[in-house]
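Here is a friendly note to read beside the model. Please keep the sequence and the 3D view open as you go.

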Amino acid sequence: MTITAEITKRIYTLREQLNNYSHQYYVLDDPSIPDAEYDRLYRELEGFEKDYPEVMTADSPTQKVGAAPLASFTQITHEVPMLSLDNAMNESELIDFERKVKDRLKGDLKGTEQLEYACEPKLDGLAVSILYEDGQLVQAATRGDGSTGENITLNVRTIKNVPLSLRGTDFPKRLEVRGEIYIPKAGFEKLNQTARENDGKVFANPRNAAAGSLRQLDSRITAKRPLELCAYSIGVVSEEFDLPKKHEAILQRLKHWGLKINSDMAVVQGIQACVDYFAELGGKRDGLDYDIDGIVFKINDLKIQQKLGFVARAPRWAIAAKFPAQEEMTLLEGVDFQVGRTGALTPVARLKAVHVAGVIVSNATLHNMDEIARLGVKVGDTVVIRRAGDVIPQVVSVVMDRRPIDTVAIEMPLNCPVCDSKVEKIAGEAVARCSGGLYCAAQRKEAIKHFASRKALDVDGLGDKLVELLVDAGLIDSFDDLFHLQLEDVAKLERMAEKSAQNLLTSLESAKATTLGRFLYALGIREVGVTTAQNLADHFGFLQRIQQADEATLLAVPDVGEIVAKHLLSFFAEPHNQSIIEQLLKVGLSWPESEPVSAEEIAGLPLAGKVYVITGSLSEMGRDDAKNHLQTLGGKVTGSVSAKTSCLVAGEKAGSKLTKAQGLGIEILDEAEFIELLRHHGVEGV
C-alpha cells in the first residue's frame with residue numbers, strides 16, 4: 001500500500017502523543033488519560049506500522065517489546081569508570097566523612113560556612129550506564145567491574161520509563177546517563193505471584209529479580225518485567241556542553257530531558273542535616289514503594305567535587321550511609337509445625353539467632369511444604385533470611401556451597417503436633433491441615449483470638465495471652481463460652497485481679513452490640529476477610545438470607561468467587577457451626593438488620609462515585625471506622641493511590657502514598673478536615 005501524507009502525519013502525531021503520555025505516567029506519575037485510551041492509540045499506531053513498515057523508527061513507542069534472543073552479551077568498556085562508594089555504617093562514620101572533607105578543603109571554606117549536600121535514597125537494584133547520541137538511545141551497559149560491563153542495550157530499550165529519545169532540543173550531542181534499574185515492591189509481588197501460579201521461578205528479593213530480568217538474553221522476557229530506571233548522575237558529556245554547576249541541578253536537567261529522578265531526594269546544609277535526613281528516610285523506609293539499603297550523600301557543588309577528586313576506587317566527595325541489612329545468613333537448626341485458626345500447619349524454621357534489619361531473629365516462616373521443596377532446604381543448611389519492616393522473617397534461599405553432608409530432610413508430620421489428630425492435605429491446595437477442628441486446642445485458641453480481634457468483635461482487653469490462659473484453664477472451649485465467664489474464675493488467672501477481670505467482662509458485654517459484617521468476619525470462615533464479610537452484609541442485609549443462599553446467589557456478591565462461595569456453603573451447612581451461631585444469638589449478640597441499599601440509593605449518596613485512600617494513623621478514630629463512614633456515605637475505599645483516586649485522607653506519619661498523591665495533584669485531607677467532611681454529611685459522633 002502507498003502511504004499518504006495524511007497517514008504519515010497521523011503516525012508521527014501518535015508517536016508524539018504516546019511518548020508524552022508515557023512520560024506523564026512513568027516519569028512524572030501524573031497520567032492525563034485512562035489506560036484504555038492509551039491502549040487504543042497504541043493499537044492504532046501498531047496497525048499503521050504493520051501496514052507501512054517503511055515508516056518504522058527505532059524510537060517508536062511500539063519498539064519496547066524486545067527483539068530476538070542473543071547468543072551472549074558482548075562487553076563494553078566504560079569511557080568514564082563507574083566507581084563504587086565508600087560506606088558509612090553509623091552516625092560517627094558519617095560525621096568523620098565530613099571532617100576529612102573539610103581537612104582537604106582548608107582555606108576554601110569561610111568561617112562557619114556549611115557544606116551543601118545532595119541526599120538521595122540508595123535504591124537496591126542494578127547500576128547501569130545509558131548513552132544517548134543526538135538524543136537517541138544508542139547503548140546501555142551494566143556497571144560490571146567498573147571498567148567493563150555487559151551490553152544490555154536491547155533489554156534497557158524495553159523498560160517503560162527509559163526514553164528511547166530525549167525530550168526537548170537542549171541536550172548535549174553525547175550524554176551518558178547513570179542510574180539504578182530496580183523493580184518496585186508492588187511489581188515484585190505481582191511478578192512472584194504470577195510465577196507461583198505458573199510454577200515459574202520465584203525471586204528472593206526485588207534486587208535479584210531486577211538483575212535476573214536485565215541479564216535475559218531474550219529481551220522479550222525483559223519487556224514483561226516491571227522494571228524502572230531512576231537516574232542519579234551522568235558520565236560522558238560532550239565537551240562543548242555547558243553543564244549546571246551543582247549536582248542537584250544536573251538531576252533536574254535529566255528530568256527535563258525525560259528521565260526519572262528520585263522524588264524523595266533533598267538538598268541540605270551540613271552533616272547534621274544529613275544525619276537527620278538519614279533518620280527521617282529510615283523511618284519511612286518500609287512505607288516506600290521501592291527498596292533502599294541506605295542514603296547516598298554527595299557534595300552538591302561540582303567545583304568542590306573536582307577539588308576533592310578520587311581515591312583508587314571511589315570519589316572523596318560522596319559516601320553511602322547504609323541501613324541495617326535486611327538479609328543475613330544463619331544456620332537452620334530445626335523446623336517446628338505451628339497449627340493456625342483454620343487447622344493449617346505452617347513450618348517454622350528454628351534458626352541460630354542472627355541480627356537482621358536491626359532486630360534479633362531466631363525464627364522464620366517456611367510457608368508450606370511446596371515452598372520447602374522449591375527452596376530445596378534441609379535441617380542443617382545455611383540459609384539466607386530476609387526481614388523487611390514488620391514483615392515476618394522468611395527463608396529466601398539456601399547457600400548450597402555450605403551444605404554439610406549430614407543435613408536432614410523436612411517432612412510434614414502425619415499427626416497434628418497439638419492434638420494428635422490426622423493431618424490431611426486436599427488435592428490442589430498447598431496447605432496441609434489438622435482434622436481436629438475445635439477439638440484441637442491450637443485451633444480453638446486461634447479461632448477465639450480471631451473472634452475477639454479488633455476487626456471482628458473488638459473485645460478490649462482480650463489479647464492473645466489471655467485467650468491462651470482461658471483455654472488452658474478450661475474456662476472456654478467455644479466462642480459463646482466467653483459470654484458465660486464468671487468474675488471469680490477470671491480473677492484467679494495468672495496476672496489477673498478482680499478489677500481487670502471486671503473490665504474484661506464489661507468489654508465482652510459491650511462487644512455483643514456489633515454489625516453483621518463484623519460478626520461474619522469474626523466467625524472465621526475461610527477466605528472471608530473484612531471486605532468480603534462487609535460485601536455479604538451489604539448485599540443480603542440479613543444473616544438468615546446469607547445462611548440460606550445457594551451458590552448462584554452468593555456469586556452475585558462483589559468479591560465472592562467460586563472458592564469463597566463453596567467455603568460459605570460448607571460452613572453454614574455444618575451442624576456444629578449452626579449451633580455456634582445459635583448459641584451466640586442466645587447470649588445476646590445482635591446487630592441492626594435492614595433491606596440492602598439499592599444501586600439507585602447508593603448513587604444518591606453524597607460521596608457516590610468518589611474513591612478514597614486512607615494512610616497514616618488517625619488519632620480520633622480507627623482507620624476501619626473511617627473506612628466504614630466513607631462507605632456509608634457512598635464512597636469507595638481502596639488501598640493504593642492512582643489517577644482514579646479522588647481524595648487521600650492523611651493521618652500522622654503518612655508515607656509514600658502521601659508523596660504520590662501530592663505528585664498526582666490529588667485532594668488531600670488531614671484528620672481534622674476529614675472529620676469536618678463527615679460532620680458536614682451528617683455523620684454523628686465524630
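Predicted model: local features only at pLDDT ≥ 70, side-chain atom pairs only at ≥ 80, totals over all residues.

1. Residues are numbered from 1 along each chain as its sequence is written, and side-chain values use heavy atoms, with hydrogens and water left out.

2. Let us begin with an antiparallel sheet. Its four strands form an open sheet in the order β5-β4-β7-β8. Strands here are DSSP runs of E with at least two residues, helices are runs of H or I with at least four, and both are numbered from the N terminus; two strands pair if DSSP finds at least two bridges between them.

3. Strand β7 (residues 174–182) pairs with β8 over seven bridges, in the antiparallel sense, and Gly179 stands opposite Ala231 in β8. Helix α6 (residues 206–214) packs on the sheet and touches β4 (126–133) and β7, where contact means heavy atoms within 4.5 Å.

4. The other sheet is parallel. Four strands form this open sheet, in the order β20-β19-β21-β22. Which strands stand at the edges? They are β20 (636–638) and β22 (667–669), since each has a single partner strand.

5. Within the parallel sheet, four bridges join β19 (residues 611–615) to β21 (residues 647–650). Thr615 stands opposite Ala650 in β21. Helix α23 (residues 623–632) packs on the sheet, touching β19 and β20, and helix α24 (residues 656–664) also packs on it, touching β19, β21 and β22.

6. What lines the largest cavity? The lining residues (those with an atom within 4 Å of a cavity point, on a 1 Å grid over the protein atoms alone, where a 1.4 Å probe fits but cannot get out) are Thr158, Ile159, Lys160, Thr222, Ala223, Arg225 and Leu227.

7. Finally, find Thr194 in helix α5 (residues 185–197). Is Thr194 buried, exposed or partly exposed? Thr194 counts as partly exposed because its relative accessibility is 38%; buried means under 20%, exposed over 50%, and partly exposed in between (1.4 Å probe, protein chains only). Its C-alpha atom is separated by 30 Å from that of Ser646, 452 residues apart along the chain.

Notes:
Axes fitted to C-alpha atoms, helices over the stretch in contact; angles between N-to-C directions. 1 Å grid on protein atoms, 1.4 Å probe; cavity = no way out; pocket = protein on both sides within 12 Å on 5 of 7 lines; lining within 4 Å.
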